Amino acid sequence: MNNFVGLSKIGLVRQRNEDRFFIDGNVCAVTDGMGGYSGGEIASTYAVDEIREYLASLEPVGQQDLCDAIIHANQRIVNRVASEERLAGMGTTAVVTAIKDNQLYWASVGDSRLYIYRDGLLRQITTDHSMVQELLTAGEITKDEMLSHPQRNLLTRAVGVDEVLEVDSGIESILPGDRILLCTDGLSGYVTDDVIASALQSSDDNMMVVESLMDTVYEVGAGDNVTIVVGTI
Ligand code: CA
């Protein structure tokens, strides 16, 4: 999995980049922080650091390990907020993946996403924990309408907000040639899945795909920070 590449860039209307990511051997993660002062940055940095450290000593890394790593990060952030009142309300998304043989393990909280691209088809694996996702599930809006909804930034679940945290997780079978994409809503909240699929279709060079998607987001105004990680199995 050492062909995984990633980029994180500050949005055009943002003061600071609250997104973080890491790629560490077979494991990668993307986080997107929220909160006043520097809370968003602190939460997302805590999350990547704690998740990375937690998983670094495990071999192999399994599905439950990914959940445990997020729970561990959650507790660290909750503890930090308890000791510094002005950070109240900070939190972060986290999507984490680990590859072993022909399986992809994943865990997720929030609205950062995991996609798998195979044979020209892009599949969203994670389900957003957001207000607009609930409206989509209820059939009240379409997937494209999620992109322009005024409440599209409201999360229904985040890491670091509460002692108790439910983590989504799963296992996907993967084949050689499959492409894996992780991103924050700075990408998925501004372009459609078709745009992401076209970028993957247009090049086998993952860095070119990341850069081309970045260019697209900036062309439409980059209203949020953008983080994209892409790899080929
Ligand atoms: Ca974001």
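**Exercise 1. Find the loop that holds Asp119, and work out whether Asp119 is buried or exposed.**

Step 1: Look between strand 6 and strand 7, and you'll find Asp119 in that loop. Helices (H or I, at least four residues) and strands (E, at least two) are DSSP runs, numbered from the N terminus. This is a predicted model, where local features need pLDDT of at least 70, side-chain atom pairs count only at pLDDT 80 or more, and totals for chains, interfaces and linings use all residues. Residues are numbered from 1 along each chain as its sequence is written, and side-chain values use heavy atoms, with hydrogens and water left out.

Step 2: Check the surface. Asp119 has a relative accessible area of 74%, so it counts as exposed. Here buried means under 20% relative accessible area, exposed over 50%, and partly exposed in between (1.4 Å probe, protein chains only).

Step 3: Now the backbone. Asp119 is not a glycine, yet its phi is positive, about 50°. Most residues other than glycine have a negative phi, and most peptide bonds are trans.

**Exercise 2. Is Ala222 buried or exposed, and where does it sit?**

Step 1: Ala222 belongs to the loop between helix 7 and strand 10.

Step 2: Its phi is positive too, about 40°, although Ala222 is not a glycine.

Step 3: With 0% relative accessibility, Ala222 is counted as buried.

**Exercise 3. Which peptide bond near Pro60 is cis?**

Step 1: Go to the loop between helix 1 and helix 2 (63-83), where Pro60 is found.

Step 2: The bond from Glu59 to Pro60 is the cis one, with omega near -5°.

Step 3: While you're there, look at Glu50 in helix 1 (residues 39-56). Glu50 counts as buried because its relative accessibility is 9%. Leaving out residues up to four places away in sequence, Glu50 touches His72, Ala73 and Arg76; contact means heavy atoms within 4.5 Å.

**Exercise 4. What is the strand order of the open sheet of five strands, and which strands stand at its edges?**

Step 1: Read off the order, which is 1-10-9-6-7, with antiparallel pairing. Two strands pair if DSSP finds at least two bridges between them.

Step 2: Strand 1 (5-9) and strand 7 (121-124) are the edges: each has a single partner strand, so one side of each lacks a neighbour in the sheet.

Step 3: On average, neighbouring strands of this sheet are turned by 15° against each other, direction ignored. Axes are lines fitted to C-alpha atoms, for helices over the stretch in contact, and angles run from 0 to 180 degrees between N-to-C directions.

Step 4: Zoom in on one pair. Strand 1 and strand 10 (residues 226-232) run antiparallel and share five bridges, and Lys9 stands opposite Val226 in strand 10.

Step 5: Helix 7 (residues 206-219) lies across strand 1, strand 9 and strand 10, at about 155° to strand 10.

**Exercise 5. At what angle do helix 6 and helix 7 pack, and which residues meet?**

Step 1: The angle is about 145°, and the axes are 9 Å apart.

Step 2: From helix 6, Val195, Ile196, Ala199 and Leu200 meet Val209, Ser212, Leu213 and Thr216 in helix 7.

Step 3: Sort the contact by class and you get six nonpolar, two polar and no charged residues. Ala, Val, Leu, Ile, Met, Phe, Trp, Tyr, Cys and Pro count as nonpolar, Asp, Glu, Lys and Arg as charged, and the others, Gly among them, as polar.

**Exercise 6. Which residues coordinate the calcium ion?**

Step 1: Asp32 (OD), Asp185 (OD) and Asp224 (OD) coordinate the calcium ion, at 2.3 Å. Donors are N, O and S atoms within 2.8 Å of the metal (3.2 Å for Na, K and Ca); water is not among the atoms, so sites may look incomplete.

Step 2: Asp32 in strand 3 (residues 27-34) and Asp185 in helix 5 (residues 185-188) link distant parts of the chain, being 153 residues apart.

Step 3: Asp32 and Asp185 are both buried.

**Exercise 7. How many bridges join strand 5 to strand 4, and how many to strand 8?**

Step 1: Strand 4 (residues 91-100) runs antiparallel to strand 5, with seven bridges. Strand 8 (residues 168-173) is also antiparallel to strand 5, with six bridges.

Step 2: Gln103 in strand 5 stands opposite Lys100, and Gln103 also stands opposite Ser173 in strand 8.

Step 3: Strand 5 (residues 103-109) is mostly covered, with six of its seven residues buried.
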